[in-house]
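Hi everyone, thanks for coming.

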Amino acid sequence: MGHILFMEPVFKEMIWGGHRLKDVYNYPIPSDSTGECWAISAHKNGDCTILNGEYKGMKLSALYQQHRELFGDIKDPAFPLLIKIIDASSDLSVQVHPDDDYAAEHEHSLGKTECWYVLDAKPHTQMVMGHHAQTKEELIRYIKNDEYDRLLNKFEIQPGDFYYIPSGTIHAICKGSLIYEAQQSSDITYRVYDYHRKDKEGNERQLHVQQSIDVTTVPYCGTLQNEMHQEATDTFVSTCLIKAPYFSVSKLDILKKTSLMHHQPFSLFSVIEGEGTVNEVSIKKGQHFIVCHDVQKIDFDGPLTLMVTTL
Ligand code: ZN
């Protein structure tokens with residue numbers, strides 16, 4: 001029947017984190033300022049452990065190196081994707097990520113293109129995406145003069161919104177957001193602006209202004225709007241949110257017993273609502289699993305809502 005690998009997430013405490021990862025998903029978070037659940041990750045800064053089956057106890061990075069056949073024998077030297085759930089109890093810094101070329105040259109890393117599905121947002125929750133500078137000179141002037149209110153493109157978000165954030169896009173998740181994030185497996189963030197917040201010792205967090213100026217795309221062109229393609233039957237609804245160079249993301253609603261064929265090198269699933277089964281194994285909200293290349297058919301029973309990320 002093939003391998004379905006359940007993940008033990010890694011949790012990250014952040015100054016902007018909260019406790020909704022426990023409240024909503026019942027995760028064993030380390031403190032009430034937990035910002036990130038690295039749900040499916042083989043990155044060295046948060047390598048998930050396999051929870052079940054013959055590879056139980058192994059790190060995902062090691063399994064990827066030793067059993068590439070489970071991942072469709074793809075050529076990427078490291079597992080290419082990373083899935084997170086993010087709880088922002090205060091604003092994240094305004095930041096930008098480099099592309100593959102810049103990251104390879106300066107950080108020996110992959111670049112970072114990411115996307116967000118808004119799982120929940122308190123009323124009037126905002127998001128920062130892009131900027132209003134028309135030239136690099138203008139961008140530098142706004143930054144040097146600390147004119148972030150004029151520079152940044154800010155708007156309100158709603159649960160169910162989806163945003164694609166190619167590398168080079170200035171962005172920030174704001175207070176009140178609970179976000180599903182699919183991204184390239186990279187941890188390179190250049191912080192442009194941190195609202196002049198100070199830590200307990202009275203220090204501001206380090207900024208990376210020059211790198212941010214180097215990598216920011218000017219002018220901001222808006223995010224690519226895919227037409228949301230939907231496939232609906234009486235047993236499931238699949239909504240394609242994006243097909244992009246590094247990943248494709250869809251939302252899958254399982255209404256009742258259904259079988260889906262699996263043709264991907266591998267697929268990353270996150271249960272965001274409900275409970276049911278996958279190939280006879282019980283699953284519930286908050287669980288994350290990889291369907292490997294050797295699984296040809298996936299039997300679901302619901303009601304379930306899942307996020308699905310593939311290459
Ligand atoms: Zn980011």
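Let's begin with Gly302, which sits in the loop between strand S23 (297-301) and strand S24 (304-310); strands here are DSSP runs of E, at least two residues, and helices are runs of H or I, at least four, numbered from the N terminus. Before going on: this is a predicted model, where local features need pLDDT of at least 70 and side-chain atom pairs count only at pLDDT 80 or more, while totals for chains, interfaces and linings use all residues. Residues are numbered from 1 along each chain as its sequence is written, and side-chain values use heavy atoms, leaving out hydrogens and water.

Leaving aside residues up to four places away in sequence, Gly302 touches Ile254, Lys256, Glu275 and Gly276, where contact means heavy atoms within 4.5 Å.

Now the domains: the chain splits into domain 1 (8-215) and domain 2 (229-310), with bounds from an automatic or database domain assignment. Their contact takes 30 residues from domain 1 and 25 residues from domain 2.

How much area is buried between domain 1 and domain 2? About 2,200 Å², with carbon and sulfur atoms giving 80%; that is accessible area (1.4 Å probe) lost when two parts are put together, summed over both. In domain 1, Ile40, Leu81 and Tyr180 lose the most area to domain 2, together 23% of what that side buries.
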